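This briefing covers overall build, surface and charge pairing. It begins with one residue and then widens out.

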Amino acid sequence: MDKDTVAALLPFYDREMREGVRADGPGARVERVGGVVRHVGADADGWNGVVWSDLDEATADAAIAEQVAYFASLGREFEWKLYGHDLPTDLPQRLSAAGFVAEPTETVMVAAIADLPAGSGPPEGIRLLPVTDAAGVDLAVAAQERAFGEAREQHRKLLLDQLDSDVPLAVVAMAGDVPVSAARMELHPGTSFVSLWGGGTVPEWRGRGVYRALVHHRARLAAGRGYRHLHVDASAMSRPILERLGFVGLGTTTPYVYVP
């Protein structure tokens, strides 16, 4: 994509993926309150947070206090998903002053599926297994726990909840009978975007094309469903791989977490 295309895509992304966000599952809801759009999970284990805001110096502090009070009334931790172009420019400082804690910043990256280079399939010794049942979820979680070095029980619940989709949303890379990488995607009906998540690979298989194969696998599924763009909140580790595949950065996003 050239610079003009990227510049035009940012407001399009904001409108479809943030201001127009849809609930991520049964029982979850999206609410617009003043200049804020928030997502409320079906329960405390669901994702709770602010995904979009239209604020200025005069309205920001009151909006922040309102969201803190609302989620505190539910007894829920929540995330203010702050983007680098959000206003006012001192919103990060205002969130910190209100008790939010910033987590690592990621790069918002997008790609037109039609522009991706042709995939060559998984590397030798790897087969891709769509996750279609609880046994597949166990394999995916095992791969991610090894890749990220932490328990992934909330991820397990998310994958189990996605099993009722008519297309497998998660995939595991298997080396023989051993799961070595896993990733998932989220479809956003009514938009042109599919979001890619995960992609954690165990250390001994990194740098061998497994992550790239998982991207191509999900891109093919997305294209078959009529989607035109892929979206990733990319870490510093995955960004170079995505850039080589033709993804471009729209900006940054930083989770600001509030624990009541």
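Arg 29 is partly exposed, with a relative accessibility of 34%. Its side chain takes part in a salt bridge with Glu 31, where the closest N and O atoms are 2.6 Å apart. The model is predicted, and the points below describe it by topic.

**Salt bridges**
- Side chains of opposite charge can pair when their charged atoms come close.
- The whole structure holds 16 salt bridges.
- Arg 156 and Asp 138 form one of them, at 2.6 Å from N to O.
- Because Arg 156 lies in helix α5 (residues 153–161) and Asp 138 in helix α4 (residues 134–148), this pair ties together parts that are 18 residues apart in sequence.
- Asp 138 is partly exposed, at 42% relative accessibility.
- Glu 150 and Arg 152 also meet in a salt bridge, 2.9 Å from N to O.
- Glu 150 is partly exposed at 41%, whereas Arg 152 counts as buried because its 17% is under the 20% limit.

**Overall build**
- The protein chain contains seven helices and twelve strands.
- Its radius of gyration is 19 Å, close to the 18 Å from the globule rule for 260 residues, so the chain is as compact as a globular protein of that length.
- Along the principal axes, the C-alpha atoms fill a box of roughly 60 × 40 × 30 Å.
- Of contacts between residues at least 6 apart in sequence, 69% join residues at least 24 apart.

**Surface and charge**
- Buried residues account for 48% of the 260 residues.
- The accessible surface is about 12300 Å², and 53% of it belongs to carbon and sulfur atoms.
- The 25 positive and 35 negative charges have mean positions 5 Å apart.

Conventions: Residues numbered from 1 in each chain as written. Predicted model: local features only at pLDDT ≥ 70, side-chain atom pairs only at ≥ 80, totals over all residues. Heavy atoms only, no water. Helix = DSSP H or I, 4+ residues; strand = E, 2+ residues; numbered from the N terminus. Rg over C-alpha atoms; globule rule 2.2 N^0.38 Å. Buried < 20%, exposed > 50% of the residue type's maximum accessible area, 1.4 Å probe, protein only. Contact = heavy atoms within 4.5 Å. Areas by Shrake-Rupley, 256 points an atom, 1.4 Å probe, with all protein chains shown as cover. Lys, Arg positive; Asp, Glu negative; His and termini not counted. Charge placed at Lys NZ, Arg CZ, Asp CG, Glu CD. Salt bridge = Lys/Arg side-chain N within 4 Å of Asp/Glu carboxyl O.
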